[in-house]
Amino acid sequence: MAKKNHVPPALQGEAFNCTRCGIYAKQDWYYMSGSTEKDGFGGIYQNRDFLISRCEACNEPTIWHGDSMVYPVHSSIENPNSDLPLDIQEDYEEARLIANFSPRGAAALLRLALQKLCRFLGEPGKNINADVASLVAKGLPAKVQEALDSVRVIGNEAVHLGSIDLKDDKEIVFKLFKLINFISVKMIAEPREISELYGTLPADKLEGIARRDFR
């Protein structure tokens, strides 16, 4: 199935896609608190610098300090598309884990994921630029080409000295995750869905289409 719109977590957001279960669900918010009781004395301590949201779907928490999510560490980045090959999903998850702390490292991992994705799509997987050119020659949609080249170029900037400072612009890196999923939807999920539907047509209709196309 094509991926539905992802609503990233936001401080005191009423509902969003939970980082724990991935479900879009209502969130309940609380200040972090704890007991200071010792030997029968004490009370409740509350720290208003920390907020906790509880997902009503899975009952699991996320923890925020100021306006930043500090747990879990992969923050607002959406899950990898389930249509991606498992080894690419593993690269995506590793990149998601470090994105807040090392945007350049995350971008480099996503570049590796893109290289593997090109190989999965039938290209050699040795030179991403050449792979994209080959896919374009085979009829790659223009927007998919733009997504591929965006991940390629920004990923290159992460491993070579370039003009994009990824340390100061995490949002650029966060968008690469969306592009990887976009590419997987357009190049894997949608063609599979079309093939599955086409395969349900009656045999005589498929034969008629084949005769029409080979006249």
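The legends below describe close-up views of a predicted model.

**View 1. Packing of helix H2 against helix H5.** Two packed helices are described by the angle between their axes and the distance between the axes. Here, helix H2, formed by residues 103-120, packs with helix H5, formed by residues 170-198, at an angle of about 15 degrees. The axes of the two helices lie 9 Å apart. Because angles under 35 degrees count as roughly parallel, H2 is roughly parallel to H5. The crossing of these two helices is left-handed.

**View 2. Residues in the contact of H2 with H5.** From H2, the contact is made by Pro103, Ala106, Ala107, Leu110, Leu114, Leu117 and Phe120. From H5, Lys170, Val173, Leu176, Phe177, Ile180, Ile183 and Ile188 take part. Of the residues in this contact, 13 are nonpolar and one is charged, while none is polar.

**View 3. The open sheet of five strands.** The strands follow the order E1-E2-E3-E4-E5, and their pairing is antiparallel. Strand E1 (15-17) and strand E5 (68-71) stand at the edges of the sheet. Each of these edge strands has a single partner strand, so one side of each is left without a neighbour in the sheet. From one strand to the next, the twist averages 50 degrees.

**View 4. Pairing of strand E3 with strand E4.** Strand E3 comprises residues 44-55, and strand E4 comprises residues 61-65. The two strands pair in the antiparallel sense over five bridges. Which residue of E4 does Leu51 stand opposite? The residue opposite Leu51 is Trp64.

Notes: Residues numbered from 1 in each chain as written. Predicted model: local features only at pLDDT ≥ 70, side-chain atom pairs only at ≥ 80, totals over all residues. Heavy atoms only, no water. Axes fitted to C-alpha atoms, helices over the stretch in contact; angles between N-to-C directions. Helix = DSSP H or I, 4+ residues; strand = E, 2+ residues; numbered from the N terminus. Parallel < 35°, antiparallel > 145°, perpendicular 65-115°, else oblique. Left-handed = near helix turned anticlockwise from the far one by under 90°. Contact = heavy atoms within 4.5 Å. Nonpolar A, V, L, I, M, F, W, Y, C, P; charged D, E, K, R; others polar. Pairing = 2+ DSSP bridges.
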